[in-house]
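Work through the exercises below with the model on screen. Each task is followed by a solution in steps.

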Amino acid sequence: MRRRTFLTAAAAGLAATAVAGCGGSDSDADDGTITLEFLSLAWQKESVDANKTLVARWNKAHPDVRVKYIQGSWDNIHDQLLTSFEGGEAPDIFHDDASDLTDFGYGGYLADLSPYLPESLKRDIPKAAWATTTYDGKIYGVPFLQEPRVIIANAKLLKESGVRIPTAERPWTWDEFEAVAKRLTHSRNRYGVAWSMKEPVSQSVNLSLSTDGRIFYKDKDGKNEIRYDGPDSAIAQLINRQVNQDRTAPKSGLGMSGSDTLPGFFAGRYAMLPLNFSYRQQVKQQAPKGFDWTVLPMPAGAGGLAQGTAPQTLSVSADSRHKKAAAAFVAYLTQARHQVQLARGDWLLPTSTEALKDPALTTTAYGWRTGADIAASLRPSPVLGVRGYAEWKDKIATPAYQEYYNGGIGLADLRRRLAGDGNRILDRYQR
């Protein structure tokens with residue numbers, strides 16, 4: 001997921017200037033040295049430091065192929081990159097996430113990395129992760145960091161309630177989760193769960209995989225279409241039920257971001273928070289002294305623990321004159337041992353199977369083990385590869401989900417808007 005927390009307008013402006021100033025295609029020195037421009041979106045100090053350290057190590061070991069580190073920002077990266085592609089000023093290598101690669105790949109802006117990547121890297125990253133960046137047999141990026149959704153819970157309240165503590169091997173079912181939320185709810189003083197739904201679409205779509213839905217499907221002609229049947233709507237119905245019927249989740253949470261829910265969590269107002277994996281860092285940094293918290297897997301349904309993700313990626317611009325060298329640097333940066341460093345810096349999970357075995361990522365401290373245990377269940381987000389998704393999300397899905405979760409419309413209206421109105425948008429992109 002894109003990391004926009006704490007970013008400022010000034011940072012976005014600097015990133016725009018940095019991208020606009022890239023010019024990897026004109027970066028050869030007279031002595032034959034190649035200089036590759038690498039646009040990184042790392043933003044946390046630990047992550048920035050890890051990236052810069054790896055760049056320095058590369059440059060020391062490869063004096064003929066130098067990498068120039070350029071700091072970017074997640075804010076508006078799609079528009080910034082599009083401008084640089086169309087202006088012929090794209091960096092040789094750039095950091096992004098898989099949801100951006102669909103339009104860029106089909107637009108001809110990305111190099112196919114298939115001929116350049118070592119087989120060891122292709123084997124180390126699971127097929128499910130490669131599927132997030134591969135279209136029509138072409139690899140448009142290396143997926144290297146991923147972020148599942150987990151439950152961050154008040155361990156003290158869980159213990160006092162006597163509920164079974166779930167694991168990846170024996171998770172809660174969604175029915176159990178609802179029952180636990182009811183048990184943890186205490187009048188109006190405490191809610192069992194708080195759903196932060198300021199941006200409701202990605203989690204509503206991605207979690208549908210656990211109930212054997214996906215919302216985005218292929219029709220008999222191979223075209224994308226939206227369906228919203230029982231398995232697709234099961235999670236949305238559950239959230240609606242918890243907010244509007246059972247009152248185990250506060251309606252006020254629907255307008256919150258994940259960060260907004262943390263003060264109430266620390267105050268004991270919410271017992272459980274479904275949040276992205278990286279929020280563990282904020283909990284660690286902000287929790288009051290002595291606050292006991294734990295990280296649990298999301299519940300399982302007919303689809304098991306499956307949930308969709310859009311990994312962070314490293315890609316090479318189609319206009320780069322040094323694609324082989326650029327791909328070699330990408331392969332270097334995504335080696336298993338380096339993925340461990342980058343994942344630790346960002347509090348995310350690596351895609352590398354080997355990296356996930358590292359003791360630093362299998363420790364029980366701060367829920368790292370929970371993440372490693374559910375990594376095999378992560379699947380490509382159903383939205384990846386769907387042209388028109390961004391318009392559907394902004395114009396149709398976001399307002400429709402917000403109204404539904406607030407109790408303003410019913411399931412039939414939600415289905416009509418998501419699928420009926422949504423398919424008209426997708427059809428326009430597939431003519």
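**Exercise 1: two helices**

The axes of helix H10 (residues 230–244) and helix H17 (residues 389–405) approach within 9 Å, crossing at roughly 40 degrees. Axes are lines fitted to C-alpha atoms, for helices over the stretch in contact, and angles run from 0 to 180 degrees between N-to-C directions. The model is predicted: local features need pLDDT of at least 70 and side-chain atom pairs count only at pLDDT 80 or more, while totals for chains, interfaces and linings use all residues. Residues are numbered from 1 along each chain as its sequence is written, and side-chain values use heavy atoms, with hydrogens and water left out.

Task: classify the crossing of H10 and H17, and list the residues in contact.

Step 1. H10 contributes Ala236, Gln237, Ile239, Asn240, Val243 and Asn244 to the contact, and H17 contributes Tyr401, Tyr404 and Tyr405. Contact means heavy atoms within 4.5 Å.

**Exercise 2: strand S1**

Task: is strand S1 (residues 34–40) enclosed or open, and which strands pair with S1?

Step 1. In S1, 6 of the 7 residues are buried, so the strand is largely enclosed by the rest of the structure. Buried means under 20% relative accessible area, with a 1.4 Å probe and protein chains only.

Step 2. S1 runs parallel to strand S2 (residues 65–71), joined by 7 bridges. Two strands pair if DSSP finds at least two bridges between them. Ile34 has Val65 of S2 as its bridge partner.

Step 3. Between S1 and S2 the chain passes through helix H2 (residues 45–61), a right-handed β-α-β crossover. Right-handed means that, with the strands pointing away from the viewer, the path from the first strand over the helix to the second runs clockwise.

Step 4. S1 also pairs in the parallel sense with strand S3 (residues 93–97), over 2 bridges. Phe38 stands opposite Ile93 in S3, and its bridge partner in S2 is Tyr69.

Definitions and conventions
Helices (H or I, at least four residues) and strands (E, at least two) are DSSP runs, numbered from the N terminus. Angles under 35 degrees count as roughly parallel, over 145 as roughly antiparallel, 65 to 115 as roughly perpendicular and the rest as oblique. Buried means under 20% relative accessible area, exposed over 50%, partly exposed in between (1.4 Å probe, protein chains only).
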